[in-house]
Amino acid sequence: MPDVLETAAEPTRRALLHILADGEHTVSELAERFPVTRSAISQHLLLLAEVGLVTARKDGRNRYYRLDPSGMATLRRALESFWTTELDLLVAEATGPKS
């Protein structure tokens, strides 16, 4: 299974997540916003679904994608795991008064 951070880091997939934060969209609606094929967007969405960041529902011929709250919470925890005390100290040192 692909890594959630690696999957979300790819620029097109990251853009898809930003768009889906506004609500549910069909593949066609999403594809209109990118200079790639509908098929390419579908592949990106399948990867996002595989790692649990989006879910899809079928209605007639359309698939509607939306963010999966539990998957997004997993992504958030993964990102927050990088923010350690050491990073806090580094930021404090970098932004603190210069001697």
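Guide: Here's a quick look at the whole chain, then the charged pairs, then a few residues up close.

First, the ground rules: this is a predicted model, so local features need pLDDT of at least 70 and side-chain atom pairs count only at pLDDT 80 or more, while totals for chains, interfaces and linings use all residues. Residues are numbered from 1 along each chain as its sequence is written, and side-chain values use heavy atoms, with hydrogens and water left out.

The protein chain has six helices and three strands, and they come in the order α-α-β-α-α-β-β-α-α. Its radius of gyration is 17 Å, well over the 13 Å that the globule rule gives for 99 residues, so the chain is more spread out than a compact globule. (That radius is taken over C-alpha atoms, and the rule is 2.2 Å times the number of residues to the power 0.38; helices are DSSP runs of H or I with at least four residues, strands are runs of E with at least two, and both are numbered from the N terminus.) Along the principal axes, the C-alpha trace spans about 65 × 25 × 25 Å.

What about the surface? The chain exposes about 6700 Å², with carbon and sulfur atoms supplying 55% of that; these areas come from the Shrake-Rupley method with a 1.4 Å probe, and for residues only the protein chains shown count as cover. Of the 99 residues, 30% count as buried, where buried means under 20% relative accessible area, exposed means over 50%, and partly exposed is what lies in between (1.4 Å probe, protein chains only).

Now the charges. There are 12 positive and 14 negative side chains, and the centres of the two sets sit 8 Å apart. Lys and Arg count as positive and Asp and Glu as negative, with His and the chain ends not counted; each charge is placed at NZ of Lys, CZ of Arg, CG of Asp or CD of Glu. Side chains of opposite charge can pair when their charged atoms come close. Here, searching the whole structure turns up four salt bridges, each being a side-chain nitrogen of Lys or Arg within 4 Å of a carboxyl oxygen of Asp or Glu.

Take Arg57 and Glu24, whose side chains meet in a salt bridge at 2.8 Å, N to O. Arg57 is in strand β2 (residues 54–59) and Glu24 is in the loop between α2 (11–20) and β1 (25–26), so this pair ties together parts that are 33 residues apart in sequence. Arg57 is partly exposed at 31% relative accessible area, and Glu24 is partly exposed with 31%.

Arg66 pairs with Glu24 as well, at 2.9 Å, N to O. Arg66 is partly exposed, at 32%. Not counting residues up to four places away in sequence, Arg66 touches Leu20, Glu24, Leu53, Val54, Thr55 and Arg57, contact meaning heavy atoms within 4.5 Å. The C-alpha atoms of Arg66 and Ala56 are 6.5 Å apart, although the two residues are 10 apart along the chain.

Another salt bridge joins Arg76 and Glu80 at 3.0 Å, N to O. These residues are four apart in helix α5 (residues 69–80), about one helical turn. Arg76 is exposed at 56%, whereas Glu80 is partly exposed at 44%.

Thr7, in helix α1 (residues 4–9), is buried at 4%. Leaving aside neighbours within four places in sequence, Thr7 is in contact with Pro2, Arg13, Leu47, Leu48 and Val51. Leu47, in helix α4 (residues 38–50), is partly exposed at 28%, and with residues up to four places away left out, Leu47 touches Pro2, Thr7 and Arg13. Leu47 and Arg13 are 34 residues apart along the chain, with 8.7 Å between their C-alpha atoms.

Stepping back to the whole chain: among contacts between residues at least 6 apart in sequence, 51% join residues at least 24 apart.
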